[in-house]
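Here is a short briefing on one protein chain. Please look over the sequence and the model before reading the points below.

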Amino acid sequence: MNSRAEQLKGFERLLNIMDDLREQCPWDKKQTMETLRHLTIEETYELGDAILDNDLNEVKKELGDILLHIVFYSKIGSETNDFDIADVCNSICDKLIERHPHIYGDVTVENEEDVKRNWENIKLKEGRKSVLEGVPKSLPALVKANRIQDKVAGVGFDWEEPNQVWEKVEEELNEFKEEVQNGDKNAMENEFGDVMFSLVNYARFLGINPENALERTNKKFSNRFQYLETKSKEINKSLSDMTLNEMNVFWEEAKKK
């Protein structure tokens, strides 16, 4: 791997290129933080896809795209004298040192849970009024549920055993079934949300990331359905003309791939 000097040289090269682009490229000159925002979100999802696919070469490329965006935002910030890349780096360094007193101070921790608890308590001392202030409002609901539960668990608001969480899942499922029988759409939606929230909580206790798990299932289903589509074309028959039993034959084949 590259030496620290080579790593810094590579980073400096990117900073110099960003200077050139901002000065000379018509497209780059026009960009603002607002115009870059949706592109940054897109790049982050692309990185997530590459990680789930375990495509390390693609991970490298997507990390480069995100790093470019960080440098881009910092360049824009420097043009208004608000901040530059050094401020960005030093800010996160200061935060990491402050929130790791067991490394850079005299605090003793026994395990990962102690570290997370210290992290949340330090953030409250920094002026946050709520542990949940750090959860972005625009996060997708499934990711947000996981982060909310992780945050409150960090200050001790949590179940003690996984079986307690599973009992809660079963309780919410029964309440959902009851509302389905009653036919109240609004109540069904509320109870379905409770089921999802409790399942996310159970996944957390098992060390499963629910977003990753669901996305893997999405990919698995899509691959199998595309196999089904391919096979239907091979027999010159559209899916709409096939029976469920006929489609299921190919579906079972796909599951063995």
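Helices here are DSSP runs of H or I with at least four residues, numbered from the N terminus. By that numbering, Asn81 sits in the loop between α4 and α5 (85-98). The model is predicted.

**Domains and annotation**
- The protein is divided into three parts: domain 1 (4-99), domain 2 (141-208) and domain 3 (212-255).
- The centres of domain 1 and domain 2, taken over C-alpha atoms, are 37 Å apart.
- An unreviewed UniProt entry carries the annotation "domain: NTP pyrophosphohydrolase MazG-like". In that record, the annotation covers residues 31-103 and 165-224.
- Residues 31-103 are 84% helix and 0% strand. The end C-alpha atoms of this span lie 40 Å apart.
- Residues 165-224 are 90% helix and 0% strand. Here the end C-alpha atoms are separated by 32 Å.

**Largest pocket**
- The largest pocket holds about 620 Å³ of space.
- Its lining counts 23 residues. Those nearest the centre of the pocket are Thr44, Tyr45, Gly48, Val143 and Glu211.
- Helix α3 gives the largest share, ten residues.
- By class, the lining of the largest pocket has eleven nonpolar, seven polar and five charged residues.

**Second largest pocket**
- About 310 Å³ of space lies in the second largest pocket.
- Which elements each supply at least two residues of its lining? They are α1 (4-24) and α4 (56-79).
- The largest share, seven residues, comes from α4.
- Lining residues include Gly10, Phe11, Arg13, Leu14 and Ile17. Also among them are Lys60, Lys61, Leu63, Gly64, Ile66, Leu67 and Ile70.
- The lining of the second largest pocket divides into seven nonpolar, two polar and three charged residues.

- In soluble globular proteins, nonpolar side chains tend to be buried together.
- The largest nonpolar core here has seven residues: Leu14, Met18, Leu36, Val71, Phe72, Tyr73 and Ile76.
- Helices α1 and α4 are the elements that give two or more residues to this core.
- The largest share of the core, four residues, comes from α4.
- Leu14 belongs to this core and also lines the second largest pocket.

**Asparagines with positive phi**
- Most residues other than glycine have a negative phi.
- Asn54 has a positive phi, near 55 degrees. It is found in the loop between α3 and α4.
- Is Asn54 buried or exposed? Asn54 counts as exposed because its relative accessibility is 59%, and the cut-off for exposed is over 50%.
- Asn81 also has a positive phi, near 60 degrees. Its place is the loop between α4 and α5.
- Asn81 has 72% relative accessibility, so it too counts as exposed.

- Asp49 lies in helix α3, the element that gives the largest share of the lining of the largest pocket.
- Asp49 has a relative accessible area of 31%, so it is partly exposed. That class runs between the buried cut-off, under 20%, and the exposed cut-off, over 50%.
- Asp49 and Glu62 are 13 residues apart along the chain. Their C-alpha atoms are separated by 9.7 Å.
- Gly193 lies in helix α10 (residues 185-205).
- Gly193 is partly exposed too, with a relative accessible area of 35%.
- How far apart are Gly193 and Val109 in sequence and in space? They are 84 residues apart in sequence and 36 Å apart in space, C-alpha to C-alpha.

Terms used:
Residues numbered from 1 in each chain as written. Predicted model: local features only at pLDDT ≥ 70, side-chain atom pairs only at ≥ 80, totals over all residues. Heavy atoms only, no water. 1 Å grid on protein atoms, 1.4 Å probe; cavity = no way out; pocket = protein on both sides within 12 Å on 5 of 7 lines; lining within 4 Å. Points joined across faces, edges and corners; volume = space filled by probe spheres on them. Nonpolar A, V, L, I, M, F, W, Y, C, P; charged D, E, K, R; others polar. UniProt positions renumbered as here; feature names shortened; annotations may be inferred. Domains from an automatic or database assignment. Core = buried A, V, L, I, M, F, W, Y, C linked by side-chain atoms within 4.5 Å. Buried < 20%, exposed > 50% of the residue type's maximum accessible area, 1.4 Å probe, protein only.
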